[in-house]
Amino acid sequence: MFVHVGDRAVVLGGSVAGLFAARVLADHFREVVVVDRDPLEGVTGPRRAVPQGHHIHGLLARGQQILEELFPGFTAELAGDGVPVRDFATSLGWHFAGRRIQQSPSDLICVSAGRWMLEDRMRARVAALPNVSFRHADIVGLAFSDDHRAVAGARVQGAGDEHPVLEPADLTVDATGRGTRTPRWLADIGYPAVQEEKVKMDLTYTSCDFRAPLPVDPIGDGIAVISVATPGHPRGATLARLPDRYSVSLNGVLGDRAPTDLPGFLEYARSLPVPAIHEAIKDAEPLGEPVQFRFPASVRRRYERMSHLPSGLVALGDAACGFNPIYAQGMTVAAVGALVLRDYLKQGAGDPFRYFTALAKQLDGAWDMSAGGDLAFPEVEGRRTLQVRMGNAFMRRLQVAATRDSAVAAAFVRVAGLVDPPQAMMRPRVLSRVLWPRDVPVVAETPLQHTTGGRA
């Protein structure tokens, strides 16, 4: 339902966060323009402006729920095109210290489309909206009112522009990702510095795709096997089944990096505490050389703590908070941010603090999980509050309990999927089973399936 807020909105950045924003804005502005330095029409596959696009991207359960809410029928459309769509709880084999957590059916859904395919389908849906258009141009800066109290749009420069031109807007949305320049642009005209929280883990993940079917398939009809990095086993990995191939991402922290030559890549996989991943790919056919992406730090920008802000400007996705990608929170948090934006617009695009305060409340749980998880590694740089130290001590016990107790595992999966807040793991029924483990039978690991098939 169209509820008029303004005549024109401009979205800076056309990736997942920008597309979510454009979908919401289309219900409130007569015209929405999405600006990106990459062409957004008639393209497919990983884009130049998304260097991490070649790596595995997970859409968490909450992200799937929001995707379906904003784009009805999206999940069924993907499934019809051969994208694996499964139970989020039973299709993902999480392993802590080499031991798989218990699995039981849930009402949550996992979609394994891959980043570029998901973005491509979202872009098609957004492009079909009659009041949304795309513009291929470099984003040069924000445009401000004469008194600098409001953002009036953005200055952009396309291929045919001799000089930067104005893209006027009643509301400008920064969805430019980790490389956002909004804090600098605000500082340049006298606004206070945007406070940042950083957790420096120096993560590197190295990915390689393999032809389907795998000679040895540990996934079967599921979607992924996940070896979670912990201080005791600091190397992690994900082996995922995508529509047309299998993909493996190996991750290391604090400068530990998997090699980009295939023999070195395989040897790194051999060192994991989950042997099934190496067994699956050691004789598999690679579809190219391994590629690498470095992520130095998670960064949360605390706009809600500034003394003053210009009206007409909001930020979402990685432009507001960039998470360690091994937790797969990025796309889902962008979706959550779109709902915050929708609620904000229902009351008009007024005080920006109303938006940023609401966004901060939604970011808290995801940030506590990922930042707290990284700070469990003693060498990782960041602020360790009493809450972080207590949370990590509890998580160590919860991880052990989840490998034995399906009720604990179910609670963990809902929190990891961003469906429930972290506090849900402290509910008496779960807390008691973590602190006072019961005599729960241990379910043996599913043996490797020596198949020559396995759907891809």
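1. In this predicted model, strand 4 and strand 13 (residues 224–228) run parallel and are joined by five bridges.

2. On its other pairing, strand 4 runs antiparallel to strand 5 (residues 99–100), with two bridges between them. Phenylalanine 96 is bridged to arginine 99 of strand 5. The two strands form a hairpin with two residues between them. In that turn, alanine 97 has a positive phi of about 50°.

3. The burial of strand 4 (residues 92–96) deserves attention: five of its five residues are buried, so the strand is largely enclosed by the rest of the structure. In a regular strand, side chains alternate between the two faces of the sheet. Here both faces are covered, with Leu92, Trp94 and Phe96 buried on one side and Gly93 and His95 buried on the other.

4. These strands belong to an open sheet of eight strands with mixed pairing, in the order 5-4-13-14-15-12-16-18. Strand 5 and strand 18 (321–322) are the edge strands, and each of them pairs on one side only.

5. Further along the sheet, ten bridges connect strand 12 (residues 196–210) with strand 16 (residues 291–301) in the antiparallel sense. Lysine 200 is placed opposite alanine 297 of strand 16. Helix 9 (residues 352–374) lies across strand 12, strand 16 and strand 18. The helix runs at about 125° to strand 16.

6. The axes of helix 10 (residues 386–402) and helix 11 (residues 406–416) come within 7 Å and cross at roughly 120°. Helix 10 is therefore oblique to helix 11. Met395, Leu398, Ala401 and Ala402 of helix 10 make the contact with Val408, Ala409 and Phe412 of helix 11. Classified by residue type, the contact of helix 10 with helix 11 comprises seven nonpolar residues, no polar residues and no charged residues.

7. Finally, the cysteines. A disulfide is a covalent bond between the sulfur atoms of two cysteines.

Definitions and conventions. Residues are numbered from 1 along each chain as its sequence is written. This is a predicted model: local features need pLDDT of at least 70, side-chain atom pairs count only at pLDDT 80 or more; totals for chains, interfaces and linings use all residues. Side-chain values use heavy atoms; hydrogens and water are left out. Buried means under 20% relative accessible area, exposed over 50%, partly exposed in between (1.4 Å probe, protein chains only). Helices (H or I, at least four residues) and strands (E, at least two) are DSSP runs, numbered from the N terminus. Two strands pair if DSSP finds at least two bridges between them. Axes are lines fitted to C-alpha atoms, for helices over the stretch in contact, and angles run from 0 to 180 degrees between N-to-C directions. Angles under 35 degrees count as roughly parallel, over 145 as roughly antiparallel, 65 to 115 as roughly perpendicular and the rest as oblique. Contact means heavy atoms within 4.5 Å. Ala, Val, Leu, Ile, Met, Phe, Trp, Tyr, Cys and Pro count as nonpolar, Asp, Glu, Lys and Arg as charged, and the others, Gly among them, as polar.
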